[in-house]
Every structure is written in C-alpha cells, then in structure tokens.
Amino acid sequence: MLKVHNPYSGALIAEIPQETSSAIARKVAATREAQLAWRRVPVTERIAALEPGLAWFREHRDAVAADITAQMGKPLAQAQREVDAMLQRAAHMMSIAEAALKPEPLPEPLPGPGSGQPGVHRRIEHAPLGVVLNLAAWNYPLLIAVNVVVPALLAGNAVLLKHSRRTPLCGDHFARAFGALAVPSLVTPVVADHDTTATLIRDPGVDYVAFTGSVEGGRRVYREASHRFIDAGLELGGADPAYIAADADLETAVAGVVDGACYNAGQSCCAVERVYVHHSRYDEFLSRARQLLDEYVLGDPTEPATTMGPLVASSAVDHVAAQVGAASSRGARVLTGGAPSEDGRFFPPTLLADCEDDDAVMREETFGPVLPSRAVADDEEALRRMNDSSFGLTASVWTTDRSRAERLAAELEAGTVYQNRCDYLDPGLPWTGVKDSGKGSTLSRYGFFHLTRRKSIYLQ
C-alpha cells in the first residue's frame with residue numbers, strides 16, 4: 001500500500017494499492033489497443049479532442065492545486081500558477097502540432113542511375129512510436145507531466161503515466177482529463193514501486209520512456225531501456241549557475257537569482273544553485289540578497305501569507321543541512337538561514353558567501369532554498385567556473401550588454417542560456433540538457449521529434 005503524507009502537517013492524505021505486474025500488464029495491453037485506434041485519427045482531430053481535457057483542468061483548477069499543495073507542500077498560490085502554466089504549455093503545443101507533425105514532401109529526384117522512373121513521390125512522415133511511458137517527478141507534478149503527455153497524444157501515441165510516489169493523485173487528474181478523449185485508455189495512471197517500474201520498462205508493449213529525476217535514476221532507466229533498444233528521454237536536473245556581471249542592473253539581478261533559488265523552496269531542476277558575482281558588485285549583491293531572503297514567510301502552504309512551504313520530506317531537509325554545514329566548515333560564510341526549523345520540516349532561505357568550487361553545495365544538486373556565491377575577477381573567470389560542472393541544464397547571465405550575453409552564451413555548456421532571466425521554460429524553445437543533465441528534448445517542435453520516428457515514403 002502506497003501511503004501519501006502531507007509534508008506540512010504529517011497527516012495521511014491517501015492510501016493507494018500498489019499494482020501488481022499482471023495488473024500493469026493488462027493496462028499496457030489496453031493502452032496499446034487504444035493507441036492503434038488513436039493513431040488513425042488525423043492531427044487536426046486530435047487537437048480538437050484535447051480541448052475538453054484543458055477545459056477539465058480549468059474547471060477543476062482549485063481542487064487540483066489543493067491536491068498538489070497537500071502532496072508536496074508548495075504554497076497554494078504557486079500550485080494554482082502551476083495549473084495555469086500547464087494550460088499555457090499545452091495550448092502552445094496544440095497550436096504548433098499540425099505544422100510540426102505535417103509530412104515533409106521532397107522534390108522529384110533528378111534523372112540519373114538508380115533514380116527510377118518519372119513520377120516518383122517522396123515524403124517524410126512523423127509516425128507515432130506507440131505507447132509512451134512517462135515517469136514524472138513530484139516537484140512540478142503537472143508541468144513535468146504535461147511536457148510529455150500532451151505532445152505524445154498529439155503525435156498519435158498513448159501514455160502510461162507513472163507519477164512520483166509523492167504525488168500519485170496528479171496521475172489520476174491527467175487520466176480524468178485526457179484518458180477518454182475520442183478513445184478510452186489513452187492516458188492511464190500506474191502506481192508501482194521501482195522494481196515493478198523496471199519490469200514495465202522491459203515490457204514489449206512500451207515503446208519509449210520519458211523520465212524526470214535524479215542522475216542515478218536516469219542511469220537505471222536508460223539501462224533498462226537499452227535491453228530493448230527503445231529510446232529514453234532523460235531530464236536529470238542540474239546545479240545551474242548565474243553570473244552577475246559588472247554592468248548588471250543589480251536590483252533586477254538580485255531579485256531574479258533569489259527567486260530562482262527559492263521558488264518552490266528551491267525544489268526545481270533549473271533552480272539557481274550557484275552565483276558568481278563580479279568582485280566590484282559582490283558586497284552590494286550580498287547585502288541586497290540577504291534582505292530579500294529574510295523577507296520570505298515560512299509556514300502553512302494553504303495560508304495566503306506563506307511564501308515558502310516545507311521541503312517535501314525530512315530527508316530533503318537533512319540533505320540540504322548537510323551541504324550547508326559542510327560548506328560552512330570549509331570557510332563559507334552563512335549570512336542568513338543555515339539551519340533547519342525545529343520541527344525538521346522547513347529549511348529557511350540561506351545565503352552563503354565565499355564558497356569553494358569543490359563544495360558539495362556548488363557541485364551537486366541541492367534542491368533546497370540555498371544561494372551559494374563567490375566573487376570573480378572577470379567574465380573569463382566566471383565562464384570557467386560556470387562550465388566546471390558535471391551538469392548543464394541552464395545558465396543565466398545578468399548584464400545590460402547584449403554582446404557580452406551573446407559571447408558567454410556561445411561558450412556556456414548548458415541546454416538553455418538566459419540573459420536577465422532564470423528558472424523559466426519557454427514552450428517555444430526545446431527543453432534539453434547536456435552532460436549529466438540528460439538527453440533528448442521536450443517542448444517546442446523538437447519535442448515532437450522524440451515522440452515520433454521518421455518514416456520514409458517512396459511511391460512510383
């Protein structure tokens with residue numbers, strides 16, 4: 001039995017039976033049957049068929065947001081914004097689906113040996129893969145899932161949604177919204193432990209795996225997928241850097257990186273996890289950042305005044321505390337925060353100064369509201385330190401000089417580079433990582449390419 005507890009109150013909010021391998025196999029078979037019918041539906045009709053699903057989320061916005069807050073602890077206002085952002089992403093992917101999935105005709109081949117007779121028709125189609133297994137994370141339980149669910153359906157696939165064990169109720173919400181559509185069982189929730197999930201990946205009825213989670217989790221998923229030569233999209237987080245240059249608008253930069261480090265209590269794959277500041281602005285940065293960090297209100301996430309909820313589990317609090325303590329013991333200055341709350345459920349917004357590059361808080365994913373920083377001499381030092389990481393999800397450059405931003409963007413080893421912004425996904429751009437931040441892309445027209453295969457048509 002899967003037991004789901006409220007991270008703020010500790011109350012038991014749901015008990016859900018674990019599904020057996022045989023029950024999951026029946027779900028795979030039903031989902032595969034549904035996909036065979038769905039793939040024959042024209043793209044324009046698929047788009048129209050998804051509209052009621054979006055309407056369901058709009059109608060149930062407040063209830064869905066309340067479930068998110070109860071399961072993983074983010075403030076209710078942030079959970080409501082997540083519902084709104086999910087709807088925006090889904091609408092964008094629906095708006096570009098017809099163009100992105102349209103067959104690509106090629107000109108008739110030029111005469112020559114092996115070119116065949118006149119009248120050849122050639123085109124490239126984007127054929128659905130079949131059944132997509134979406135292993136979604138708990139920190140943004142709607143946004144992470146929708147990055148796969150909606151484009152997969154638009155491309156003609158069906159989806160098995162195995163949500164995090166911390167947020168299983170969100171899988172049910174997607175099934176209610178999109179599960180029936182024009183064909184039953186197109187989105188099917190699955191509740192399973194790690195061993196059963198590994199068996200599911202090896203099921204011949206699964207054609208693609210999309211995973212969001214830890215690096216080690218990604219390695220396990222990729223190993224299982226490799227047994228069958230199916231592909232896997234992996235979004236594995238990061239230790240995302242920010243650089244505040246000498247010419248930065250400091251008020252904007254500090255507000256941006258503090259929010260980037262602390263939104264959702266820092267539990268974001270693309271949270272700002274290390275900051276490099278030009279030495280001429282460092283002291284002012286520390287003063288402004290400390291002031292903003294001290295303004296956060298920790299407490300009951302259902303209360304409007306609360307701006308930061310608890311971390312998802314006591315083990316997460318222990319992890320953040322260990323990183324901060326280790327950095328402090330090696331000389332980093334703790335300017336505010338730095339210790340868990342007495343009840344062990346919160347970690348306050350924390351500012352660290354003068355961190356070393358090899359501190360765990362600078363090199364590993366913290367997943368908590370911590371802003372570690374150090375001064376740098378110039379752009380070149382900042383670039384070198386930003387790239388000195390096993391991760392490469394996002395990076396941000398805070399400068400009023402577009403040429404500086406372009407120059408650094410060309411050299412930064414990250415899937416997304418921002419100027420004067422951070423911790424944000426634009427659905428028109430592919431969401432992708434390099435190095436240990438993963439492989440593959442979601443969102444944009446490129447997000448469809450990983451959920452389809454190229455099919456060549458040659459008619460004579």
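Which residues of the largest nonpolar core touch the most other members?

**View 1. The largest nonpolar core of the predicted model.** Phe57, Phe174, Phe178, Ile244, Phe285 and Leu371 touch the most other members among its 118 residues. A nonpolar core is a set of buried Ala, Val, Leu, Ile, Met, Phe, Trp, Tyr and Cys residues joined through side-chain atoms within 4.5 Å; buried means under 20% relative accessible area (1.4 Å probe, protein chains only). Helix H4 (residues 76–101) gives the most, 11 residues. Another core, of 22 residues, lies apart and includes Leu133 and Val206.

**View 2. Surroundings of Leu371.** Leu371 touches Val257, Val258, Ala261, Val272, Val275, Phe285, Ala289, Thr350, Leu351 and Leu352, leaving aside residues up to four places away in sequence. Contact means heavy atoms within 4.5 Å.

**View 3. Helix H3 against helix H6.** H3 (residues 61–72) and H6 (residues 168–178) pack at about 160°, axes 9 Å apart. H3 is therefore roughly antiparallel to H6 (over 145 degrees). Val64, Asp67, Ile68 and Gln71 of H3 meet Pro168, Leu169, Cys170 and His173 of H6.

**View 4. Helix H3 against helix H4.** The H3 and H4 axes come within 8 Å and cross at roughly 125°. The H3 side of the contact includes Arg61, Val64 and Ile68; the H4 side includes Leu76, Gln80 and Val83.

Residues are numbered from 1 along each chain as its sequence is written. In this predicted model, local features need pLDDT of at least 70, side-chain atom pairs count only at pLDDT 80 or more, totals for chains, interfaces and linings use all residues, and side-chain values use heavy atoms, without hydrogens or water.

Definitions and conventions: Axes are lines fitted to C-alpha atoms, for helices over the stretch in contact, and angles run from 0 to 180 degrees between N-to-C directions. Helices (H or I, at least four residues) and strands (E, at least two) are DSSP runs, numbered from the N terminus. Angles under 35 degrees count as roughly parallel, over 145 as roughly antiparallel, 65 to 115 as roughly perpendicular and the rest as oblique. Buried means under 20% relative accessible area, exposed over 50%, partly exposed in between (1.4 Å probe, protein chains only).
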